[in-house]
Amino acid sequence: MMGILLIGNIKRKGAVLIMVIMAHSAVLLGFAFSPWFGLSLLLVAMLGFLDSLSVMIRLTTFQVLSPEDMRGRVMSVVFIFGLTGDSMGGAYQGFLTDLIGPRYSLAIGAILAGLFAIGVALLWKTVRQYKE
């Protein structure tokens with residue numbers, strides 16, 4: 001939490017969000033194949049930091065872009081999708097883990113998230129260039 005407070009106001013939120021998701025993917029891929037417990041702990045801490053940074057950027061952006069009279073409704077939908085998305089992702093991840101094991105399941109998830117971020121960066125100019 002302190003690391004995020006030290007960052008301050010991020011001006012190029014779209015580009016930073018894409019970079020954070022790509023970094024998250026790379027760190028998750030490293031964690032999937034980490035042979036040492038100490039390295040794994042460091043990578044998990046980095047995942048927590050990157051996840052917090054991603055959530056902070058997304059929630060701030062939704063709140064700033066929402067009309068004041070709709071802000072509560074918009075944030076309700078954002079939180080519902082966030083909670084159900086995590087549950088659905090966990091179900092798919094569990095299914096894949098059962099088929100191929102945790103290491104490769106995590107690696108596939110990391111690669112797919114990284115490819116998604118690259119796709120958004122290349123194809124969705126509005127997100128890439130979003131500034132506040």
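**Notebook: helix packing, core and selected residues**

I began with Thr61, which lies in helix 3; helices here are DSSP runs (H or I, at least four residues), numbered from the N terminus. The model is predicted, so I kept to its limits: local features need pLDDT of at least 70, side-chain atom pairs count only at pLDDT 80 or more, and totals for chains, interfaces and linings use all residues. Residues are numbered from 1 along each chain as its sequence is written, and side-chain values use heavy atoms, with hydrogens and water left out.

**Thr61.** I looked up its accessibility: at 15% relative accessibility, Thr61 counts as buried (buried is under 20% relative accessible area, exposed over 50%, partly exposed in between, with a 1.4 Å probe and protein chains only). Neighbours within four places in sequence aside, I found Thr61 in contact with Lys13 and Tyr130 (contact means heavy atoms within 4.5 Å).

**Helix 2 and helix 3.** I then turned to the packing of these two helices. Their angle is about 155°, and their axes are 9 Å apart (axes are lines fitted to C-alpha atoms, for helices over the stretch in contact, and angles run from 0 to 180 degrees between N-to-C directions). Helix 2 and helix 3 are therefore roughly antiparallel, a term for angles over 145 degrees.

**Nonpolar core.** I listed the largest nonpolar core, which has eleven residues, among them Val16, Leu17, Leu47, Ile57 and Ala110. Such a core is a set of buried Ala, Val, Leu, Ile, Met, Phe, Trp, Tyr and Cys residues joined through side-chain atoms within 4.5 Å. For the core listed above, helix 2 and helix 3 each supply at least two residues. I noted that Leu47, leaving aside neighbours within four places in sequence, touches His24, Val27 and Leu28 by the contact criterion.

**Aromatic pair.** I found one aromatic pair in the structure. Phe33 and Tyr104 form this pair edge-to-face, at 5.8 Å centre to centre and with 70° between the planes (ring centres within 6.5 Å, planes over 60 degrees apart). The two residues are 71 apart: Phe33 sits in the loop between helix 2 (13–32) and helix 3 (37–65), and Tyr104 in helix 5 (residues 102–123). Phe33 counts as partly exposed, at 37% relative accessibility.

**Thr97.** Thr97 is partly exposed, with a relative accessible area of 27%. Beyond neighbours within four places in sequence, Thr97 is in contact with Pro102 and Ser105. From Met19, Thr97 is 78 residues away in sequence and 27 Å away in space, C-alpha to C-alpha.

Key:
Rings of Phe, Tyr and Trp (its six-membered ring) pair if their centres lie within 6.5 Å; planes under 30 degrees apart count as stacked, over 60 as edge-to-face and the rest as tilted. Angles under 35 degrees count as roughly parallel, over 145 as roughly antiparallel, 65 to 115 as roughly perpendicular and the rest as oblique.
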